[in-house]
Amino acid sequence: MRLVAEGKKLFVCGSSGSDGPKPSSRRESLKQFVSVVGGVDHNLFSLLTLHMKDFISAVKQVEGEDPGSEPLVVLKKLRRAASLNDTFTQHFLPNVDSAGAELNSSLSDYIHKAVHHRVTEDFTEEGVVLTPDGTSVALGELLMGMEAGFLSNTGTPKELLHLTLGRNLALTLEQNISASNRFGPDGCWDSITTPQVFTLSDPPSMLTTAQVNGGMDGTLLGMEVSNKSRKNVKLSSLLTEYYCHQLKGKGMDEAPLLISQRRKDNFRRLVLPSRLSRTTVESEELQRRLAGGSTMDEMEKGQMMGRIEEGMNEFIHMYMDCPPIIPRCQWGAKPYKGTPTNLSLPLNFLYIHHTYIPGQPCLTFEQCSANMRSMQRFHQEERGWDDIGYSFVAGSDGFLYEGRGWLWRGAHTLGQNSRGYGVSFIGDYTSQLPSQHAMGLVRHQLTSCAVGGGRLVGNFTLQGHRQVVATACPGNALYSEITGWEHFGV
């Protein structure tokens, strides 16, 4: 859907099947801030939400104010509006004072709100937007990584990782805090259709999950635009291509390589842990030097390396080894009825299910979330259970969905709920298989994450639901498939 304002097109990312209102209601809401006389109402940008699709609309407006402007000019204007011009940033990127004409105040205010990062005393994280895939991204790290990529004339720029993750990792790992509080947390939005406030689920670290997501995306897109063939692509087009791809047919199995749903896979493939550790050390040294501090001696450097190596192992486990999981609050879970029973970890079993109903794979965050709410409603209201029964649920949109999670005893496999996790694939897999990508999330990433995090024993046993309960679940096709998986046992 597009509306015209001052001869320019106002873009709404993924309006067909997107997580926003339906096109008719979206059109009515847009009428509220597009002037009938053809000019843009000054309320336009104050009414935009903190959704990536609306941020892309703002980027298009910046591009439209100076048609033909290069992406670097647009990025500098965005960075100036967001006040991203500290000494560390200026060490790698140009001073924004030369970014040309000022943006109009309404547009500038919106960009500052969307991009400038901080966490308030009530755990509200600002400078973050909701993306169509259901994850949240800090825009500062994203935009600085892309700017470094556009500036590069020699392939992958060294500056990328310093700006996207190195500085924040250094700030985090210099703190003497326990591993459980070192990174994160994630959070949830006040609204999925009109997001304005993002609240963290726990007290924040120096590096939240949204900052990690933004840092990874900034690294990946910066690497992409450092390629000469991508130097002149419009910033709005690149963001649309990356964040707004709509899955079809076989879902992730036939999706492009460079899309946000593949964030973790791509980052793990392109960035070696050793390189990330080295960049973190260099960022720490640079920050000390820019602050006028003394040069570290060999003992100090050795102590710092020890802290970074220990912390990096935790970072790799959380953000590179573990699969992407949509938290309960993000898919709209109702509260657990009563008091959950905690599991005694590590567990010995992993039980595989299919939902049967819903019978079709879900390909979008909206569809998968609706399926999760439907199953929870059925389990709580029809079955009389305290919550959705499964520990985790696999969609075909590139994500797992948190059910009862790692800590709470489930209601998935009668008589065995204290002994293992129950993981279900959305769909009926009697005669067909889930996507290869969805199966890989469970077979490789979820199990590796569980073992590495002390939640499953290393020699755990994987079984189909039908092996311990009189049922056809997880369907003939899926059951036949899992008999060939590692850890399968009778």
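Mentor: Helices (H or I, at least four residues) and strands (E, at least two) are DSSP runs, numbered from the N terminus, and by that count the protein has 16 helices and 14 strands. This is a predicted model, in which local features need pLDDT of at least 70 and side-chain atom pairs count only at pLDDT 80 or more, while totals for chains, interfaces and linings use all residues. Residues are numbered from 1 along each chain as its sequence is written, and side-chain values use heavy atoms, with hydrogens and water left out.

Trainee: What makes the packing of H2 and H5 oblique?

Mentor: Helix H2 (residues 52–65) and helix H5 (residues 105–115) pack at an angle of about 140°, with their axes 11 Å apart; the axes are lines fitted to C-alpha atoms, for helices over the stretch in contact, and angles run from 0 to 180 degrees between N-to-C directions. Angles under 35 degrees count as roughly parallel, over 145 as roughly antiparallel, 65 to 115 as roughly perpendicular and the rest as oblique, and H2 and H5 are therefore oblique to each other.

Trainee: Why does Ser-83 count as partly exposed?

Mentor: Buried means under 20% relative accessible area, exposed over 50%, and partly exposed in between (1.4 Å probe, protein chains only); Ser-83 has 45% relative accessibility and therefore counts as partly exposed. Ser-83 lies in the loop between helix H3 (71–81) and helix H4 (87–92), and its phi is near 60°, a positive value in a residue other than glycine.

Trainee: What makes His-487 partly exposed?

Mentor: His-487 is at 32% relative accessibility, and so counts as partly exposed. His-487 is found in the segment after helix H16 (476–482), and phi of His-487, near 75°, is again a positive value in a residue other than glycine.

Trainee: What share of the 490 residues of the protein counts as buried?

Mentor: Of the 490 residues, 55% count as buried.
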